[in-house]
Amino acid sequence: MGEIKDIVRKLVRKYKTSDPYELADYLNIIVLIDNLDESIRGYFHYFKRNKIIHINSKLSDKDKRIVLAHELGHAVLHPRLNIIFMEHNTYFVKSKYEYEANKFAAELLIDDCDIKDIRYESASYIAATLGVNEELVKYKIILK
Ligand SMILES: [Zn+2]
């Protein structure tokens, strides 16, 4: 999965930001904060040549950012698959695409320098310190 890390690194270098909202803007991806059902965190779809990300307005700002980073992963890595990538709260989809989108989000939201000195702490400590969740910490550290 070194490839995804490289893709993220190139994007961050090109646009000089790792902020998912700014990146979406640069990449002409439409981000909509919608009043979605509570069971859905967000979704990505490709519609009439538009890349559109929907995020549930009920999420906290932190979770919105995490979901957006994940959906950006789909938008960048899986743009034209003609699948609606939907993130549910209730179960975890273990597809290759979900794995890749999580890896993308982990690389985007967790900087190598920021994690260097705390990487042997617990996942919950790292997640709290860096403002992400434990799942992304695992994708960053364990799943290469
Ligand atoms: Zn997904």
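A salt bridge is taken here as a side-chain nitrogen of Lys or Arg within 4 Å of a carboxyl oxygen of Asp or Glu. In this predicted model, the side chains of K5 and D112 meet in such a salt bridge, with an N to O distance of 3.1 Å. Because the cut-off is 4 Å, the K5–D112 pair at 3.1 Å qualifies.

The chain is divided into domain 1, residues 2–94, and domain 2, residues 110–144. Across the interface of these two domains the rule finds 1 salt bridge. On the side of domain 1 that touches domain 2, helices α1 (2–15) and α3 (61–77) each supply at least two residues. The largest share, 3 residues, comes from α3. By class, this side of domain 1 has 2 nonpolar, no polar and 4 charged residues.

| Property of the domain 1–domain 2 pair | Value |
|---|---|
| Separation of C-alpha centres | 20 Å |
| Residues in contact | 6 of domain 1 with 8 of domain 2 |
| Buried area | about 520 Å² |
| Share of buried area on carbon and sulfur atoms | 46% |
| Residue pairs in polar contact, both at pLDDT 80 or more | 2 residue pairs |

As to confidence, the chain averages a pLDDT of 91, and 95% of the residues score at least 70. Confidence is highest in helix α2 (residues 20–26), at a mean of 98, and lowest in strand β4 (residues 85–88), at a mean of 83.

Definitions and conventions:
Residues numbered from 1 in each chain as written. Heavy atoms only, no water. pLDDT = per-residue confidence, 0-100. Helix = DSSP H or I, 4+ residues; strand = E, 2+ residues; numbered from the N terminus. Domains from an automatic or database assignment. Contact = heavy atoms within 4.5 Å. Buried area = accessible area lost by both parts, 1.4 Å probe. Polar contact = N/O pair within 3.5 Å; in protein donor to acceptor, adjacent residues only side chain to side chain. Nonpolar A, V, L, I, M, F, W, Y, C, P; charged D, E, K, R; others polar.
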